[in-house]
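Here is a walk through one protein model, from its metal sites to its helix packing. Keep the structure open while reading.

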Amino acid sequence: MKFDFHCHSDFSDGTLSPQQLLKYAAEREIQLLSLTDHDTVSGLSILKKEIGSSNASLRLIPGIEISASCDFGEVHIVGLDIDEENQDLIKRLEIQQAARWQRAKLIQGKLSKCGVEGVYDHLQDNVKQVVTRTHIAKAIVGIGSAKDMQQAFKKYIGKKGRARVKQEWMSMEEAIHLIHGAGGMAVLAHPTRYPVSNRKLAYLIESFKSIGGQAIETAYPSLNKDKSAWLELHRSKNGLLASSGSDFHYPDLKWTDLGRFPRLSDDIPHVKQLLSSKYN
Ligand code: AMP
Ligand code: MN
Ligand code: MN
Ligand code: MN
């Protein structure tokens, strides 16, 4: 069965609308898909409606990717199989969305000091709902202040960039609690992408489990064999389930195409075993 439990639409920093995403997934014969936009559930009802009115055989697992803060910095917590109408979740996400706009304003302030103007106005005119650094990087490129997204991150909004603004997100505990409150499973997203040592990452995985986390992504693009083996060891040691997803954002990035990620051995306990029987 072809599936993908991590991807984005244009309600956050993907480029495809939920309608286009459905078509794109159908072309790739994906049968089970979780849309996991950053800090929003707004694309889910639209995608659901679209599936209902088409003859697509795809089944949607309502999802989310919440930005959270913990002792090690920023982490992303994916929620799978959530109730997208849960009011506590929606209300808290609205607060985080507003904080993102506030951050964008502060970033514009710092960009102005570097002579880069007009980014915030561009965002206000073009962002559908959740503003992310992806949008900001694209705007910087669009006005010619960086040659590509990588350079925009490096020069301005990445960890060492001149217009970096540190953001406090909700705590990892709160993110997990909200996901549970909405009936979902909490998944630690792309663990090896956090800039921490292996020792700290091992500790992060342990704390994630101890506060109720249920699964960890162990199959996603860019993972080499050593890292996969390391993650599998820590998944199993902590009694977590595995999850897999491409983190698809846009069609031009072929290495993160929808449905594309390393395949895990069938004997590894995986969220797909639970989800495929529920969403059959
Ligand atoms: P935010 O959550 O607004 O801080 O934005 C983070 C998003 O920016 C991530 O979800 C990625 O999609 C994207 N991103 C982060 N770092 C980079 C980078 N170096 N190059 C391109 N995109 C990036
Ligand atoms: Mn993103
Ligand atoms: Mn992420
Ligand atoms: Mn993502």
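Is Asp-13 buried or exposed? The model is predicted, and in it Asp-13 has a relative accessible area of 5%. The cut-off for buried is under 20%, so Asp-13 is buried.

Asp-13 belongs to a metal site. Together with His-38 and His-249, Asp-13 coordinates the manganese ion (ligand 2) at 2.2 Å. Asp-13 contributes OD, while His-38 and His-249 each contribute NE2. Along the chain, the donors of this manganese ion (ligand 2) follow the spacing D-x24-H-x210-H. Where do Asp-13 and His-38 sit? Asp-13 lies in the loop between strand S1 (3-4) and helix H1 (18-27). His-38 lies in the loop between strand S2 (32-35) and helix H2 (42-52). The pair therefore ties together parts that are 25 residues apart in sequence. His-38 has a relative accessible area of 7%, so His-38 is buried as well.

Turn next to the manganese ion (ligand 4). Which residues are its protein donors? They are His-6 (NE2), His-8 (NE2), Glu-65 (OE) and Asp-247 (OD), and they lie 2.1 Å from the ion. In sequence, these donor residues are spaced H-x1-H-x56-E-x181-D. His-6 counts as buried, at 0% relative accessibility. His-8 counts as buried too, at 0% relative accessibility.

The ions can now be placed relative to one another. The manganese ion (ligand 4) and the manganese ion (ligand 2) are separated by 4.7 Å. From the manganese ion (ligand 2) to the manganese ion (ligand 3), the separation is 5.6 Å.

Now move from the metals to the helices. Two packed helices are described by the angle between their axes and by the distance between those axes. Start with H1 and H2. Their axes are 9 Å apart, and the two helices pack at an angle of about 55 degrees. H1 and H2 are therefore oblique to each other. The crossing in which H1 passes H2 is right-handed. Which residues make the contact? From H1 come Pro-18, Gln-19, Leu-21 and Leu-22. From H2 come Gly-43, Ile-46, Leu-47, Glu-50 and Ile-51. By class, the residues of this contact of H1 with H2 divide into six nonpolar, two polar and one charged.

The crossing of H4 and H5 is right-handed. H4 brings Val-119, His-122 and Leu-123 to the contact. H5 brings His-135, Ile-136, Ala-139 and Ile-140. This contact of H4 with H5 has five nonpolar and two polar residues, and no charged ones.

Arg-92 is found in helix H3 (residues 87-113). Is Arg-92 buried or exposed? Its relative accessibility is 19%, so Arg-92 counts as buried. What does Arg-92 touch? Leaving aside residues up to four places away in sequence, Arg-92 touches Met-170, Glu-174 and Leu-178.

Note on methods
Residues numbered from 1 in each chain as written. Chains lettered and ligands numbered in written order. Predicted model: local features only at pLDDT ≥ 70, side-chain atom pairs only at ≥ 80, totals over all residues. Heavy atoms only, no water. Donors = N, O, S within 2.8 Å, 3.2 Å for Na, K, Ca; no water. Helix = DSSP H or I, 4+ residues; strand = E, 2+ residues; numbered from the N terminus. Buried < 20%, exposed > 50% of the residue type's maximum accessible area, 1.4 Å probe, protein only. Left-handed = near helix turned anticlockwise from the far one by under 90°. Contact = heavy atoms within 4.5 Å. Nonpolar A, V, L, I, M, F, W, Y, C, P; charged D, E, K, R; others polar. Axes fitted to C-alpha atoms, helices over the stretch in contact; angles between N-to-C directions. Parallel < 35°, antiparallel > 145°, perpendicular 65-115°, else oblique.
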